[in-house]
Amino acid sequence: MPLRRCAQCGGRAYGGAPACAACRDLVDGIVERAWAAFPGQWDTAAGDGRERALAEMVVAEPDRHDRRLVDAALDRLVCPDCGDRLTRGPAGCPACDRAHGYRYAAIETDRPGVPPGTEHATRVDVSMVRRPQVTSEGEVLVRLLQPLLPAGFLPTTAQAQRVSALVKTSPPERRARLVERAVEAPAEDFSRTRRAAPAGGSSPTSPGTPTATRRRSGRGRSR
């Protein structure tokens, strides 16, 4: 997936969520595309009465399903405590917090040709966007690294730490701009590397990456 700009917010696509509606729709699409074909595998149509039962089954056994399906299933259930979509309620809602912890037992499968761990980084980012009420301003700014993930680039620990340090030490009025500049450097380097890489070859960011990496984070582990 190429790096591109969002026509609505002007930033890199995906990176403007949750404030930018267009970027937010892109993030939601990551899980909705996975769910689209799933009900049909169980002779259930999306939107009929049995879809809720299917979602309940997925949420009850997250360790048997891909994390996209688990996230999509949570969206189709109502929290018994706050009445919002499950996991999307206010900070401190017991049922939402509990379901959010269990979501990390789901299966993570890295896409072919991307560095191991890209899928986990993507899922953490998606959960932040879908629970903005429990996400700090600093975490939202660190999200500016997110547009690199769908393209197949996983920021190094040093790059992520640099962005985190800028968030913590920069004056509030300059923080967003400084973080954006810090993200542009690896983004441009990655774009140049991709353009120079031979078509059909191995990943320019991780040449020895196996075709797929499956892992589970463990219950309640978001990072």
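Let me begin with tryptophan 35 and phenylalanine 38, both of which are buried, where buried means under 20% relative accessible area, exposed over 50% and partly exposed in between, with a 1.4 Å probe and protein chains only. Please keep in mind that this is a predicted model, in which local features need pLDDT of at least 70 and side-chain atom pairs count only at pLDDT 80 or more, while totals for chains, interfaces and linings use all residues. Residues are numbered from 1 along each chain as its sequence is written, and side-chain values use heavy atoms, with hydrogens and water left out.

Now to the rings. Rings of Phe, Tyr and Trp (its six-membered ring) pair if their centres lie within 6.5 Å, and planes under 30 degrees apart count as stacked, over 60 as edge-to-face and the rest as tilted. By this rule there are two aromatic pairs. The ring centres of tryptophan 35 and phenylalanine 38 are 5.3 Å apart and their planes stand at 50°, so this pair is tilted. Ring pairs also join Trp35, Phe38 and Trp42 into a cluster.

Trp35 is also one of the buried residues of helix α1, among them Cys23, Val27 and Ile30; helices here are DSSP runs (H or I, at least four residues), and strands likewise (E, at least two), numbered from the N terminus. What do the buried residues of α1 pack against? They pack against α2 (49–60), α3 (67–75) and α5 (118–129), with contact meaning heavy atoms within 4.5 Å.
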